[in-house]
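Dear colleague,

I am handing over the structure below, and I would be glad if you could look through it before reading my notes on what was found.

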Amino acid sequence: MEVIIAKDSTDMGRKAAAIFAGQVAKKKDTVLGLATGSTFLEVYKAVPEFSRGVSFFQVRTVNLDEYVGLEASNKNSYRHYMNKNLFSKINIQQQNTHLPNGMAGNIDEECLRYDTLIEKLGGTDIQFLGLGMNGHIGFNEPSGSFILSTHCVNLSENTRSANAGFFGCIEAVPKQAITMGIKTIMQAKKIVLCVTGAQKAGILSKVLYGPVTPSVPGSILQSHNCVTVIADSKALRSV
Ligand code: GLP
């Protein structure tokens with residue numbers, strides 16, 4: 001595991017954006033695995049600057065997760081977040097961008113469809129990840145076992161409260177989401193984990209140095225052979 005220390009969240013965003021653009025410059029039809037949340041606002045903000053002269057026309061993307069019950073047009077859906085913060089800023093073809101459909105009539109079928117889609121794309125070349133306050137990656141919440149494939153998850157109170165800022169209050173945060181599973185995440189050729197802020201120092205230390213356990217889902221990354229962690233000094237401070 002390589003750990004890159006960023007000065008602050010802006011620097012983290014720039015370092016991750018450089019890797020993002022560099023990957024696409026190297027492989028035009030890259031399959032990018034993408035994340036959302038506040039951490040990635042900094043990354044996507046920096047992507048245009050680092051992508052000058054880089055074309056995204058052949059790039060395909062698959063996002064980690066989506067809330068159940070939010071229309072794509074809802075400003076809190078991850079589809080809306082991605083369109084607003086990234087896809088509208090680069091020359092990607094909209095039909096090449098994929099997220100789970102949280103409005104699907106049959107959620108189990110939707111999970112299967114998403115796994116099949118990722119498989120058909122040949123898996124992700126590079127998977128970007130944020131880290132939840134409870135150690136979740138994507139929306140793989142702490143549990144008794146690692147759930148391998150795309151699935152519907154009941155969001156914990158901790159996660160709903162961490163995301164309440166986007167929604168205005170915790171009551172408005174959906175109770176469920178569809179998330180890519182641990183196996184798909186771990187099959188990425190390369191993984192970049194982005195973490196900032198003192199409030200994540202404790203959980204980041206467990207992810208990096210604690211036992212590999214489904215009660216800290218991000219700890220599974222210790223078993224991947226190509227992980228880069230980009231974290232600011234506050235998140236990396238010893239706890
Ligand atoms: C959210 C998302 C994750 C994200 C993580 C951290 O709930 N589902 O994909 O990486 O939790 O979010 P944030 O960056 O806002 O702390």
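A polar contact, as the term is used here, is a pair of N or O atoms within 3.5 Å. In this predicted model, a backbone N or O atom of Gly138 lies 3.4 Å from a nitrogen atom of the ligand, so that the pair falls under the definition of a polar contact. Side chains take part as well: an N or O atom of Ser38 is 2.7 Å from an oxygen atom of the ligand, and for Thr39 the corresponding distance to a ligand oxygen is 2.5 Å. Of the 390 Å² that the ligand exposes when taken alone, the protein buries 92%.

Around the ligand there are 13 residues, the closest being Ser38, Thr39, Asp65, His136 and Lys200, and the space that the ligand takes is the largest pocket.

Beyond its neighbours within four places in sequence, Leu193 is in contact with residues including Leu129, Leu204, Val207 and Ile230.

With best regards

How values were computed: Residues numbered from 1 in each chain as written. Predicted model: local features only at pLDDT ≥ 70, side-chain atom pairs only at ≥ 80, totals over all residues. Heavy atoms only, no water. Contact = heavy atoms within 4.5 Å. Near = heavy atom within 4 Å. Polar contact = N/O pair within 3.5 Å; in protein donor to acceptor, adjacent residues only side chain to side chain. Areas by Shrake-Rupley, 256 points an atom, 1.4 Å probe, with all protein chains shown as cover. 1 Å grid on protein atoms, 1.4 Å probe; cavity = no way out; pocket = protein on both sides within 12 Å on 5 of 7 lines; lining within 4 Å. Sits in = over half its atoms within 2 Å of the grid points.
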